[in-house]
Amino acid sequence: MKKADNSCGKIAVHLHLYYENQLGYILKKLKNLSGLDYDLYVSMAKENLEIATEIRKFCPDACIWVPENRGYDIGPFIDFLHRIDLDAYDYVLKLHTKGKRARYYVYINGRHYNCILWGRILYDALAGSVKQVLKNLRIFQRDRSVGMVGASYCLTSDMQFSEALLPQINANLQELGFAPVQKISFFAGTMFWVRASLLKPLLHYSIDYFPPSDGKESVKKHPSSGGHVIDGTPAHVFERLFAVIVEAQGYKLCGVHPSFYEVKFRLFQCLHFAVEFCYQKKITKSGKEIVKICKIPVYRKKI
């Protein structure tokens, strides 16, 4: 058996597997860590011998367990931190499944993404290829001030995503011995690479801190989702808190993306403008519906 390359450091990978049908896709991404020195930890929503067998076929030494259903993917991640020795690892890679509802969208940094594209962006930035994985690890090695790496398209400082949660975030910060903040940056989607040592403050919490994920939590609609996603639970606070405590310890966040995404987004933007030019439908103040083809009005109807 080929010895793992530890020149890039020791890695702990945590995957929270809620949507079991996404395992095949995720394992293809994890193949891009082949040859690196990493341990795989998988928390599952429920017992499933077939899925556990598939995971162990991919990684015989994988640690698999079923935690309480608390805090979505966040509670199991905190539980994972209590199951490992953070001093034994250089980096932690946090992954989880995402729902694949095409009509469910988020609005981040001026762009709309449906849930499918959102998930792909997160995974491709973190482990989309062997080249991307090594690029992410080299960022840590070349710049000791970088504490967390994630998808640049999902790195946001827009306070409309965090303002309502700021009081609770600051309460958690003060509980951990850090100064309160006024501005927050974080990776929307809660997947990232991070220096393992920076997660130690989170050992103050356990999975019991989070209420059961039964959909009955007291929540508010989140502006990034167009009103389709509920937000405001402790899990959503921690989604921001992960990045905030990295910066509170004097480290910075770094956004990355595979180069082909720039081409893809530019093509999409050109297509969007072309469609708008070819076909437009507007409602005037007087209540008329106007349809334009190549900017030429061809149909009018009184509403």
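Q: What makes a charge count as sitting over a ring?
A: NZ of Lys or CZ of Arg has to be within 6 Å of the ring centre and within 35 degrees of the ring normal. Lys-98 lies over the face of Trp-118 at 3.7 Å from the ring centre, and Lys-94 is placed over the face of Phe-77 at 5.6 Å from the ring centre.

Q: What kind of model is this, and which confidence limits apply?
A: The model is predicted: local features need pLDDT of at least 70, side-chain atom pairs count only at pLDDT 80 or more, and totals for chains, interfaces and linings use all residues. Residues are numbered from 1 along each chain as its sequence is written, and side-chain values use heavy atoms, with hydrogens and water left out.

Q: How many helices and strands are there, and what makes a run count as one?
A: The protein has 8 helices and 16 strands.

Q: Why is Lys-29 called buried, despite being a lysine?
A: Buried means under 20% relative accessible area, exposed means over 50%, and partly exposed is in between (1.4 Å probe, protein chains only). Lys-29 has 13% relative accessibility, so it counts as buried. Lys-29 is part of helix 1. Contact means heavy atoms within 4.5 Å, and, not counting residues up to four places away in sequence, Lys-29 touches Tyr-123, Asp-124, Ala-127 and Gly-128.

Q: Why does Glu-239 get its burial label?
A: Its relative accessibility is 13%, so Glu-239 counts as buried. Glu-239 belongs to helix 7. Leaving aside neighbours within four places in sequence, Glu-239 is in contact with Phe-186, Phe-187, Ala-188, Gly-189 and Thr-190.

Q: What makes Leu-27 buried, and what does Leu-27 touch?
A: Leu-27 has a relative accessible area of 9%, so it is buried. Leaving aside its neighbours within four places in sequence, Leu-27 is in contact with Glu-54 and Phe-58. The C-alpha atoms of Leu-27 and Ile-55, 28 residues apart along the chain, are 8.2 Å from each other.

Q: How do you know on which side the buried residues of helix 1 lie?
A: The buried residues of helix 1 (residues 23–30) are Leu-23, Ile-26, Leu-27, Lys-29 and Leu-30. They cover an arc of only 155 degrees around the axis, which puts them on the same side of helix 1. The arc is that of the directions from the helix axis to the C-beta atoms. What covers these residues includes strand 1, strand 2 (38–44), helix 2 (49–58), strand 4 and helix 4.

Q: What span is expected for helix 5, and what does the model give?
A: The expected span of a helix is 1.5 Å times one less than its number of residues. Helix 5 (residues 130–142) has 13 residues and reaches 18 Å from its first C-alpha to its last, close to the 18 Å expected.

Q: Which residues of helix 5 are buried, and which are exposed on the other side?
A: Gln-132, Val-133, Asn-136, Leu-137, Ile-139 and Phe-140 are the buried residues of helix 5. They cover an arc of only 145 degrees around the axis, which puts them on the same side of helix 5. On the other side of helix 5, Lys-131 and Arg-142 are exposed.

Q: Why is the pair of Phe-210 and Phe-238 called edge-to-face?
A: Rings of Phe, Tyr and Trp (its six-membered ring) pair if their centres lie within 6.5 Å; planes under 30 degrees apart count as stacked, over 60 as edge-to-face and the rest as tilted. Phe-210 and Phe-238 are 5.0 Å centre to centre with 70 degrees between the planes, an edge-to-face pair. Phe-210 lies in the loop between strand 10 and strand 11 (220–221) and Phe-238 in helix 7 (residues 234–248), so the pair ties together parts that are 28 residues apart in sequence.

Q: What label does the pair of Phe-238 and Phe-242 get?
A: At 6.2 Å centre to centre and 80 degrees between the planes, Phe-238 and Phe-242 form an edge-to-face pair. Being 4 residues apart in helix 7, these two are separated by about one helical turn. Both Phe-238 and Phe-242 are buried.
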